[in-house]
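Please read the points alongside the coordinates.

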Amino acid sequence: FDSKEAIKQYIKDYNVGLEDDERINVTDVVSSVVGIIETFIDIITYVLLALTAISLVVSSIMIAIITYVSVMERTKEIGILRSIGARKVDVMSVFNAETVIIGLISGIVGIIITLLVQIPLEAVLQSYTGVASLVALSPLHALLLIGISIVVTLLSGMIPAYMASKRD
């Protein structure tokens, strides 16, 4: 690739000051193919990001609905907590703790499923490409994904938890 760039630069320097019919035109097929592949990869990446964003929004709404239903079904429990001296912040903390636990468990389950799917996927890709370790989930990324799961569920459960704290 370095030699190719040097040749292209040499031809470009040669063409300076020449008429159009005297110039040498260079067509770099490899760069064109690589550019097309990069464009396809970018498109696929954007589509996957859009699908991920949509699924995050849907899951956030579902978590909020589940937490709201939990608040509605546990009115007596909220009343008992308030009658024995629990403050509104304490009631809100109970529901926030539940959403954090849900986020932690779902993040851990997601990582376990990813690691289980990674094993056969890695074997298939290695048999086709001959390259090992194409699919890998680093421990840092796993922890980051668990953290994102916790934050998303906590944010989704904030409004229902606030509603629970306002109940008598």
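**Note on the pocket and helix packing**

1. The largest pocket holds about 400 Å³ of space. On a 1 Å grid over the protein atoms alone, a pocket is an open set of points where a 1.4 Å probe fits, with protein on both sides within 12 Å along at least five of seven lines. Grid points are joined across faces, edges and corners, and the volume is the space filled by probe spheres set on them. The model is predicted: local features need pLDDT of at least 70 and side-chain atom pairs pLDDT 80 or more, whereas totals for chains, interfaces and linings use all residues. Residues are numbered from 1 along each chain as its sequence is written, and side-chain values use heavy atoms, without hydrogens and water.

2. Helices H2 (29-73), H4 (88-129) and H5 (139-166) each supply at least two residues of the lining; helices are DSSP runs (H or I, at least four residues) numbered from the N terminus. The lining comprises eight nonpolar, nine polar and no charged residues, where Ala, Val, Leu, Ile, Met, Phe, Trp, Tyr, Cys and Pro count as nonpolar, Asp, Glu, Lys and Arg as charged, and the others, Gly among them, as polar.

3. The axes of H2 and H5 come within 8 Å and cross at roughly 30 degrees. H2 is therefore roughly parallel to H5 (angles under 35 degrees; over 145 is roughly antiparallel, 65 to 115 roughly perpendicular and the rest oblique). Axes are lines fitted to C-alpha atoms over the stretch in contact, with angles from 0 to 180 degrees between N-to-C directions. Contacting residues (heavy atoms within 4.5 Å) include Leu56, Ser60 and Ile63 in H2 and Val152, Thr153 and Ser156 in H5. By class, this contact of H2 with H5 has nine nonpolar, five polar and no charged residues.

4. H4 and H5 pack at about 150 degrees, with their axes 7 Å apart. H4 is therefore roughly antiparallel to H5. The contact of H4 with H5 has 16 nonpolar, nine polar and two charged residues.

5. For H3 (residues 75-83) and H4, the axes come within 10 Å and cross at roughly 140 degrees, so H3 is oblique to H4. Ile78, Leu81 and Arg82 of H3 meet Lys88, Val91, Val94 and Phe95 of H4. By class, the contact of H3 with H4 has five nonpolar, no polar and two charged residues.

Methods
On a 1 Å grid over the protein atoms alone, a cavity is a set of points where a 1.4 Å probe fits but cannot get out, and a pocket is an open set with protein on both sides within 12 Å along at least five of seven lines; lining residues have an atom within 4 Å of a point.
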